[in-house]
Amino acid sequence: MPIKANKLVSENKVSMVNELANKSELYKLYETDQVITWCAGCGNYQIQNALKRALTLEDFGIKDVLFVFDIGCNGNGSDKIGGYTFHGLHGRAIPAASGAALANPKIKVIASGGDGATMSEGINHLVHAVRSDYPMLFIHHNNSNYGLTTGQASACTRKGFPMNGSPDGNLLEPMNPTEFVLGLNPTFVARSFSGDIKHMTKILREALKHKGFAYVEILQTCPTYNKATPQKWYQERVKYVDDLKGYKPDNIENAKNIVHDMDNEIYLGVIYKDETKQNYYEKLTYRKDLKTLPVEEVKPYPIKNLLKEFS
């Protein structure tokens, strides 16, 4: 069995490489000449690589996508990828991306944020984006600390580990973002790991196809500041839902059960999805018969006469 499994993995890898080679011109459009500034070994290298692969394999041109970046280490990727990019405020990438997605549903909006921005500063925006089911993809970079500001504990830092700002050890239990999102009545929830580019590519491809709010948590290593969960720690614990006999991502209670454990068996894959619901834009019944997009309806309104009233 192991030999057959390894052969299958090898065949899948070759197939993806060949497909990328055939689409190399499209892939190169997502490259830039900007100097990469992430730390050596940072998970952002692999995440951005997987995202560019997924977009290429799904035939998204650079004019078909808008990238919205939050503040943080992930945000340093805003000029490292070709195409239209917007760099938002800390914890505010999701509302900016939501507005863009509703203004022009013909483009694919992809927002990124770290665990600090997502589970602290911007957790309210995450809640209502999931609840509203805005048509966009959100990639949650979870390196379990505030990396850009030199390693302070975040809401996802493991309890007891010393961090800059809490040298005696983090006092609080960490939040489990995927478990949290599953409690918000989502339509797409997935999890991957920055040490597995092939798996991230697969998950992001599926998320790109989803018509509602696709939430993807990527468990990410931070080699400089987070010594609690290094690459080896994850490699010894991650498992895949594809290996769970009979598992289907259509039962939210089953989904909650398999993501609860973050200590010993950390499951990766498409955890839950529901393709039957209307997303937020589809629920806007007054737009049903309109031929224009909201962005096409924007026009200037002269305020000269209004200003006269105040003169």
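This is a predicted model: local features need pLDDT of at least 70, side-chain atom pairs count only at pLDDT 80 or more; totals for chains, interfaces and linings use all residues.
Let us begin with the helices. Two packed helices are described by the angle between their axes and the distance between the axes. Here the pair is α3, residues 44–57, and α8, residues 197–209. Their axes come within 8 Å and cross at roughly 50°. Angles from 65 to 115 degrees would count as roughly perpendicular, and those under 35 as roughly parallel; α3 and α8 are therefore oblique to each other. The crossing of the two helices is right-handed.

Which residues make this contact? From α3 they are Gln46, Ile47, Asn49, Ala50, Leu51, Arg53, Ala54, Leu55 and Leu57, and from α8 they are Ile197, Met200, Thr201, Leu204, Arg205 and Leu208. By type, the contact of α3 with α8 divides into 10 nonpolar, three polar and two charged residues.

I turn now to the loops. Most residues other than glycine have a negative phi. Asp133, however, has a positive phi, near 65°, and Thr150 has a positive phi near 75°. Asp133 sits in the loop between α6 (123–132) and β4, while Thr150 lies in the loop between β4 and α7.

Is each of these two residues buried or exposed? Asp133 has a relative accessible area of 6%, under the 20% limit, and so is buried. Thr150, at 35%, is partly exposed.

Finally, Ala155 also belongs to the loop between β4 (136–142) and α7 (177–182). Leaving aside residues up to four places away in sequence, Ala155 touches Met119, Ser120, Glu173, Pro174 and Met175. The C-alpha atoms of Ala155 and Ile218 are 15 Å apart, with the two residues separated by 63 residues along the chain.

Note on methods. Residues are numbered from 1 along each chain as its sequence is written. Side-chain values use heavy atoms; hydrogens and water are left out. Helices (H or I, at least four residues) and strands (E, at least two) are DSSP runs, numbered from the N terminus. Contact means heavy atoms within 4.5 Å. Buried means under 20% relative accessible area, exposed over 50%, partly exposed in between (1.4 Å probe, protein chains only). Axes are lines fitted to C-alpha atoms, for helices over the stretch in contact, and angles run from 0 to 180 degrees between N-to-C directions. Angles under 35 degrees count as roughly parallel, over 145 as roughly antiparallel, 65 to 115 as roughly perpendicular and the rest as oblique. A crossing is left-handed if the near helix is turned anticlockwise from the far one by less than a right angle, and right-handed if clockwise. Ala, Val, Leu, Ile, Met, Phe, Trp, Tyr, Cys and Pro count as nonpolar, Asp, Glu, Lys and Arg as charged, and the others, Gly among them, as polar.
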